[in-house]
Amino acid sequence: MSTQLAKCERIHAEAQADQTTATAHSQTLSDRIADIRQRMSDITSRRLSGTANDRDAAEFAALQGDESALVKMLAAAQAAQAQAAAKTRQAIGALQQAQQEHAHGQAQARYEALHQKAKEIEAVFCRALGEVGRAGRDIGHYSFTESFKRSDCLHRALNLNVIPAQE
């Protein structure tokens, strides 16, 4: 694995962790606000039905203050969550690019190794063809094609530029 790919994977993992944390924080604040609003609604219902007491009035005032502070905190948390999501999207893009570059590098290395092996095989093949041609001449062949008939696969690859099929 390339160092660039490893770096992008680390950055992506950190960005995802940051986004998960930011999302959880926003959800916690939202849950707390929903709980406060439900408690305020319950107090309002008791006040309207005439069953509220002085403690309910004090709690209602405290809940209003808490709600106001939590709404501000939620706005900041949601902004942080949006920023974390943007950072994650950016990290995903960089990671995908690094993965493509890594895959291309691996394909390039595979190609170079196979190309070198084919060159080595070609050298052996050409020496063998020379030996076949000379041996054919020794037994009276007039042309090289009398001594060596190339396969259809070799003809198609060399003359027609067709990649041989996989077997």
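**View 1. Histidine 12 sits in helix α1.** Histidine 12 belongs to helix α1, which covers residues 3-49. Helices here are DSSP runs of H or I with at least four residues, strands are runs of E with at least two, and both are numbered from the N terminus. The model is predicted: local features need pLDDT of at least 70, side-chain atom pairs count only at pLDDT 80 or more, and totals for chains, interfaces and linings use all residues. Residues are numbered from 1 along each chain as its sequence is written, and side-chain values use heavy atoms, with hydrogens and water left out. Is histidine 12 buried or exposed? Histidine 12 is buried, because its relative accessible area is 13%. Buried means under 20% relative accessible area, exposed means over 50%, and partly exposed lies in between (1.4 Å probe, protein chains only). Which residues does histidine 12 touch, leaving aside its neighbours within four places in sequence? They are Thr88, Ala91, Ile92 and Leu95. Contact means heavy atoms within 4.5 Å.

**View 2. Phe125, Phe144 and Phe148 form one aromatic cluster.** The structure has 2 aromatic pairs. Rings of Phe, Tyr and Trp (its six-membered ring) pair if their centres lie within 6.5 Å; planes under 30 degrees apart count as stacked, over 60 as edge-to-face, and the rest as tilted. The ring centres of phenylalanine 125 and phenylalanine 148 are 6.0 Å apart. Their planes stand at 70°, so this pair is edge-to-face. The pair links distant parts of the chain, 23 residues apart. Phenylalanine 125 is in helix α2 (residues 54-138), while phenylalanine 148 is in the loop between α3 (144-147) and α4 (152-159). Phenylalanine 144 and phenylalanine 148 also have ring centres 6.0 Å apart. Here the planes are at 25°, so the pair is stacked. Phenylalanine 125 is partly exposed, at 32% relative accessible area. Phenylalanine 148 is partly exposed at 24%, and phenylalanine 144 is partly exposed at 37%.

**View 3. Arginine 47 lies over a ring.** The ring belongs to phenylalanine 60. Arginine 47 lies over its face, 5.4 Å from the ring centre. A charge sits over a ring if NZ of Lys or CZ of Arg is within 6 Å of the ring centre and within 35 degrees of the ring normal.

View 4. Side chains of opposite charge can pair when their charged atoms come close. A salt bridge is a side-chain nitrogen of Lys or Arg within 4 Å of a carboxyl oxygen of Asp or Glu. How many salt bridges does the structure hold? The count is 7. One of them joins arginine 10 to glutamate 14, with the closest N and O atoms 3.2 Å apart. Why are arginine 10 and glutamate 14 separated by about one helical turn? Because they are 4 residues apart in helix α1. Arginine 10 is partly exposed at 43% relative accessibility, and glutamate 14 is partly exposed at 41%.

Arginine 46 and aspartate 56 also meet in a salt bridge, at 3.1 Å from N to O. Arginine 46 lies in helix α1 and aspartate 56 in helix α2, so the pair ties together parts that are 10 residues apart in sequence. Arginine 46 is partly exposed at 31%, whereas aspartate 56 is buried at 6%.

In helix α2, glutamate 122 and lysine 119 are 3 residues apart, about one turn of the helix. Their side chains form a salt bridge at 3.8 Å, N to O. Glutamate 122 is partly exposed at 41%, and lysine 119 is partly exposed at 44%. Salt bridges with shared partners also join Asp35, Arg39 and Glu59 into one network.

View 5. The expected span of a helix is 1.5 Å times one less than its number of residues. The 85 residues of α2 should therefore span 126 Å. Its end C-alpha atoms are 121 Å apart, which agrees. At the start of α2, a side-chain oxygen of asparagine 53 reaches to within 3.0 Å of the backbone nitrogen of arginine 55. Just after α2, glycine 140 takes a positive phi of about 105°.

**View 6. Alanine 79 and serine 26.** Alanine 79 lies in helix α2. Alanine 79 is partly exposed, with a relative accessible area of 46%. Alanine 79 and serine 26 are 53 residues apart in sequence. In space, their C-alpha atoms are 9.4 Å apart.

How values were computed
Polar contact = N/O pair within 3.5 Å; in protein donor to acceptor, adjacent residues only side chain to side chain.
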